[in-house]
Amino acid sequence: MDAMAARDLVLNLPGATEHDHFGKGAYRVPGPKGKPSKIFMTLWVEEQRAVFMLTPEQQTELNAHHPAVYFPVPNKWGDKGATFVELKQASERVFKEGLRLALNNVG
């Protein structure tokens with residue numbers, strides 16, 4: 001998987017939108033009341049990485065099953081569940097596993 005494939009997959013979700021977030025693409029979907037959700041993913045195109053907003057427990061589980069793909073962002077956001085996704089190491093199936101969790105976290 002690469003950054004453009006990840007972007008296309010996410011933007012094909014119903015109502016998904018892309019916004020700038022400190023120079024990175026940030027993605028939201030409509031929430032339960034139709035308002036945009038919290039950011040569930042950012043995309044780091046040059047680095048070929050994504051960041052999913054997971055719970056610390058979800059992060060730990062994904063890292064245990066796919067350590068070459070999922071690992072904590074090395075800062076306080078990582079302690080709260082922000083999780084790097086090494087896109088070059090991720091199959092579409094493994095990427096979608098984290099995507100599903102991140103989407104469930106926003107409502």
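Glu92 and Lys96 both belong to helix H4 (residues 92-105), where four residues, about one turn of the helix, lie between their positions. Helices here are DSSP runs of type H or I with at least four residues, strands are E runs of at least two, and both are numbered from the N terminus. The side chains of Glu92 and Lys96 form a salt bridge, with a distance of 3.0 Å from N to O. A salt bridge is counted when a side-chain nitrogen of Lys or Arg lies within 4 Å of a carboxyl oxygen of Asp or Glu. Glu92 is partly exposed, at 42% relative accessible area, and Lys96 is also partly exposed, at 39%. These classes rest on relative accessible area, taken with a 1.4 Å probe and protein chains only: buried is under 20%, exposed is over 50%, and partly exposed is in between. Helix H4 also holds Arg93, which is exposed with a relative accessible area of 58%. The C-alpha atoms of Arg93 and Glu57 are separated by 20 Å, and the two residues are 36 residues apart along the chain.

The model is predicted: local features need pLDDT of at least 70, side-chain atom pairs count only at pLDDT 80 or more, and totals for chains, interfaces and linings use all residues. Residues are numbered from 1 along each chain as its sequence is written, and side-chain values use heavy atoms, with hydrogens and water left out.

The chain contains four helices and six strands. Their order along the sequence is α-β-β-β-β-α-β-α-β-α. The radius of gyration of the chain is 13 Å, close to the 13 Å that the globule rule gives for 107 residues, so the chain is as compact as a globular protein of that length. This radius is taken over C-alpha atoms, and the globule rule is 2.2 Å times the number of residues to the power 0.38. Along the principal axes, the C-alpha atoms fill a box of roughly 35 × 25 × 25 Å.

Of the 107 residues, 41% count as buried. The chain exposes about 6200 Å², of which carbon and sulfur atoms supply 54%; accessible areas come from the Shrake-Rupley method with a 1.4 Å probe, and for residues only the protein chains shown count as cover. Among contacts with a separation of 6 or more, 49% are made by residues 24 or more positions apart. A contact means heavy atoms within 4.5 Å.

The chain carries 13 positive and 12 negative side chains, and the centres of the two sets lie 7 Å apart. Lys and Arg count as positive and Asp and Glu as negative, while His and the chain ends are not counted. Each charge is placed at NZ of Lys, CZ of Arg, CG of Asp or CD of Glu.

The salt-bridge count comes to five. One of these joins Glu18 and Arg7, whose closest N and O atoms are 2.7 Å apart. Glu18 lies in strand E1 (residues 17-21) and Arg7 in helix H1 (residues 3-11), so this pair ties together parts that are eleven residues apart in sequence. Glu18 is partly exposed at 34% relative accessible area, and Arg7 is partly exposed at 25%. Another salt bridge is formed by the side chains of Glu47 and Lys24, at 3.5 Å from N to O. Glu47 is in the loop between strand E3 (41-44) and strand E4 (49-53), and Lys24 is in strand E2 (residues 24-28), so the parts tied together are 23 residues apart in sequence. Glu47 is partly exposed at 37% relative accessibility, as is Lys24 at 23%.

Three further loop residues were examined. Phe22 lies in the loop between E1 and E2 and has a positive phi of about 55° although it is not a glycine. Phe22 is exposed, at 76% relative accessibility. Gln48, in the loop between E3 and E4, is not a glycine either, and its phi is positive at about 55°. Gln48 is buried, at 17% relative accessibility. Lys80 is located in the loop between helix H3 (76-79) and strand E6 (82-86) and is exposed at 53% relative accessibility. With neighbours within four places in sequence left aside, Lys80 is in contact with Leu54 and Pro56. The C-alpha atoms of Lys80 and Leu54 are separated by 7.9 Å, and the two residues are 26 residues apart along the chain.
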